[in-house]
Amino acid sequence: MTPFFLDINESVYVFDGKSLMLHSDLCDSCREPQASGTGTCSWCRIDHSHREEAKDRNTFRMLAHYGILDDYLAGVRDIHRKRP
Ligand SMILES: [Zn+2]
């Protein structure tokens, strides 16, 4: 991801270390600056399978699945409560 700026005409500019440069390679969907010829940005390429994979790898969901999430969170709260 590259920080970018829009002018009043919604032209996209990227800071090159010295100045803002007009950037014409944009995501086809959201107009975020892209490397040359990539079409859509990494955000816009996220699909249902990516969401399912992220959900399945979520540690809190795993703890909840095994019924130990509440105990885990209570332990974390105890740790924070005991901090000086
Ligand atoms: Zn995009």
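Mentor: Let's take the overall layout, then the strands.

Mentor: Keep in mind that this is a predicted model.

Trainee: How many helices and strands are there in the protein?
Mentor: Three helices and three strands. Along the sequence the pattern reads β-β-β-α-α-α.

Trainee: Is the protein a compact globule or more spread out?
Mentor: More spread out, because its radius of gyration is 21 Å, well over the 12 Å the globule rule gives for 84 residues. The C-alpha atoms fill a box of roughly 50 × 40 × 20 Å along the principal axes.

Trainee: And what percentage of the residues is buried?
Mentor: Buried residues make up 4% of the 84.

Trainee: Which domains does the assignment give?
Mentor: Domain 1 covers 1-45 and domain 2 covers 48-82. Their centres, taken over C-alpha atoms, are 36 Å apart.

Trainee: On to the strands. In what sense do β1 and β2 pair?
Mentor: Antiparallel, over two bridges. β1 is residues 5-6 and β2 is residues 12-15. L6 stands opposite V12 in β2.

Trainee: What about the turn in that hairpin? How many residues sit between the strands?
Mentor: Five, and E10 takes a positive phi near 65 degrees.

Trainee: How many bridges join β2 to β3?
Mentor: Three, and these two strands run antiparallel. β3 is residues 20-22. There, L20 is the bridge partner of F15.

Trainee: Which residue in the turn between β2 and β3 has a positive phi?
Mentor: G17, at about 105 degrees. That hairpin has four residues between its strands.

Definitions and conventions. Residues are numbered from 1 along each chain as its sequence is written. This is a predicted model: local features need pLDDT of at least 70, side-chain atom pairs count only at pLDDT 80 or more; totals for chains, interfaces and linings use all residues. Domain bounds come from an automatic or database domain assignment. The radius of gyration is taken over C-alpha atoms; the globule rule is 2.2 Å times the number of residues to the power 0.38. A residue is buried if 20 or more other C-beta atoms lie within 10 Å of its own, exposed if 12 or fewer, and partly exposed in between; C-beta atoms are placed from the backbone. Two strands pair if DSSP finds at least two bridges between them.
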